[in-house]
Amino acid sequence: MIRIISAFILAMVSSLSCATGLELRLADGAPQRHVVVPGDTLWGISSKFLKDPWLWPEIWRMNREEIRNPHLIFPGDVILLDRDSRGKPLLRLQSARLVPQIHVEAMEQGIPAIPPNVIRPFLSHPLIVEADSLDSAARIVATPNDRVYIGNGDLAYVANADPAKLDWQIYRDGKPLTDPDSGEILGYEAFYLGTARQVEAGDPATFEVMTVKQEIGRGDRLLPAIRPPLVAYVPHRPDFLVDGRVISVYGGVEAAGRGSIVSINRGTRDGIEIGHVLALERNRTVTQRDEQDNKVVVPIPPERVGLLFVFRPFERISYGLIVQSDGTVDVNDFARTP
């Protein structure tokens, strides 16, 4: 029965690939084997083997459940490029962990999908909030000596703080993120300022500022710190059509490039999930004159300007890392199924 189900899943994956015109194209100079080393990422390894790295699940013959809960790959493991009976490429894992061991501490994490040092700060912030949802949050009501701004090691007096929570993050009401098609405000990007620790409960409670990213002062809001989730995910293309837009570049600039964080106007309610890879495209037009010397705007095929790896989806907005770019990525560029 298991073999029948597995064969059915492989057939479905194959038929889906054929229906969408996809094929596994090996990268130029794809190695026959790759030894995983510290610092490797799934995206980087898939780029070694595939011209289209988002087809990683297809070359591994992974089903839907395996994409969401992948088997971890560790440094020292060997990835082998092989062929099936029909000559189609596939990858096999030769694990370096052959001897069972008892671990008292938490097991070592496998290699990540994308560089963790780039996205780690964004797993707990920036924060998407509904309109006015920070109004009831804890708030800095006073500073020592009535100072306008405070920094590392300074104290702050905070109203409405939960005495059971010690570690907090500091925010300021942020900019609205607007859907470029409907004009609707999808949410607000709360502006992250730093961290603080509650050192004495009360109303107001006494807090010590631990880290500062931007100036902190009276009126700024605090929310209990959250532990960044440790999520295993695999780079993969959506199995449905996505037609979204880039609505902001984190940091307040208009243009982005490889390594930049951007948000798009599609989220979990649209089916977006961690690990989705989207093509960033620019719809181009040229202006010319017709036979009557009138100006006409002529659309030409969309130009791909990059690839986006989604790592933190909210209900109506998602954040992604630009893992590949040819030139700049601009606000209002399209995010589409590759």
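**Note on the predicted model: aromatic groups and a strand barrel**

1. W43, Y233 and F309 come together as one aromatic cluster. The structure discussed here is a predicted model. A search of the whole structure finds 6 aromatic pairs. In one of them, the ring centres of W56 and W60 are 5.6 Å apart with the planes at 70 degrees; this angle is over 60 degrees, so the pair is edge-to-face.

2. The two tryptophans belong to helix α3, which covers residues 56-60. Because W56 and W60 are 4 residues apart in this helix, about one helical turn separates them. Both W56 and W60 are buried.

3. Another edge-to-face pair is formed by Y171 and Y192, with 5.8 Å from centre to centre and 65 degrees between the planes. This pair links distant parts of the chain: Y171 is in strand β8 (residues 167-178) and Y192 is in strand β9 (residues 185-200), 21 residues apart. Are these two tyrosines buried or exposed? Y171 has a relative accessibility of 1% and therefore counts as buried. Y192, at 9% relative accessibility, also counts as buried, because the cut-off is under 20%.

4. The ring of F334 has charged neighbours. R245 lies over the face of F334, at 4.6 Å from the ring centre. The charged end of R336 also sits over the ring of F334, and its distance from the centre is 4.0 Å.

5. How many strands close into the barrel, and in what order? The barrel has 6 strands, in the order β13-β15-β18-β17-β16-β20, and their pairing is antiparallel. From one strand to the next, the twist averages 45 degrees.

6. V246 stands opposite I264 in β15. Helix α5 (residues 116-124) lies across β15, β17 (295-313) and β18 (318-325). The helix runs at about 80 degrees to β17.

7. Some totals describe the protein as a whole. It has 5 helices and 20 strands. Of its 338 residues, 42% count as buried. Among contacts between residues at least 6 apart in sequence, 68% join residues at least 24 apart. The protein exposes about 18,300 Å², of which carbon and sulfur atoms supply 52%.

Definitions and conventions. Residues numbered from 1 in each chain as written. Predicted model: local features only at pLDDT ≥ 70, side-chain atom pairs only at ≥ 80, totals over all residues. Heavy atoms only, no water. Pairing = 2+ DSSP bridges. Axes fitted to C-alpha atoms, helices over the stretch in contact; angles between N-to-C directions. Contact = heavy atoms within 4.5 Å. Buried < 20%, exposed > 50% of the residue type's maximum accessible area, 1.4 Å probe, protein only. Areas by Shrake-Rupley, 256 points an atom, 1.4 Å probe, with all protein chains shown as cover. Phe/Tyr/Trp six-rings, centres within 6.5 Å; stacked < 30°, edge-to-face > 60°. Lys NZ or Arg CZ within 6 Å of the ring centre and 35° of its normal.
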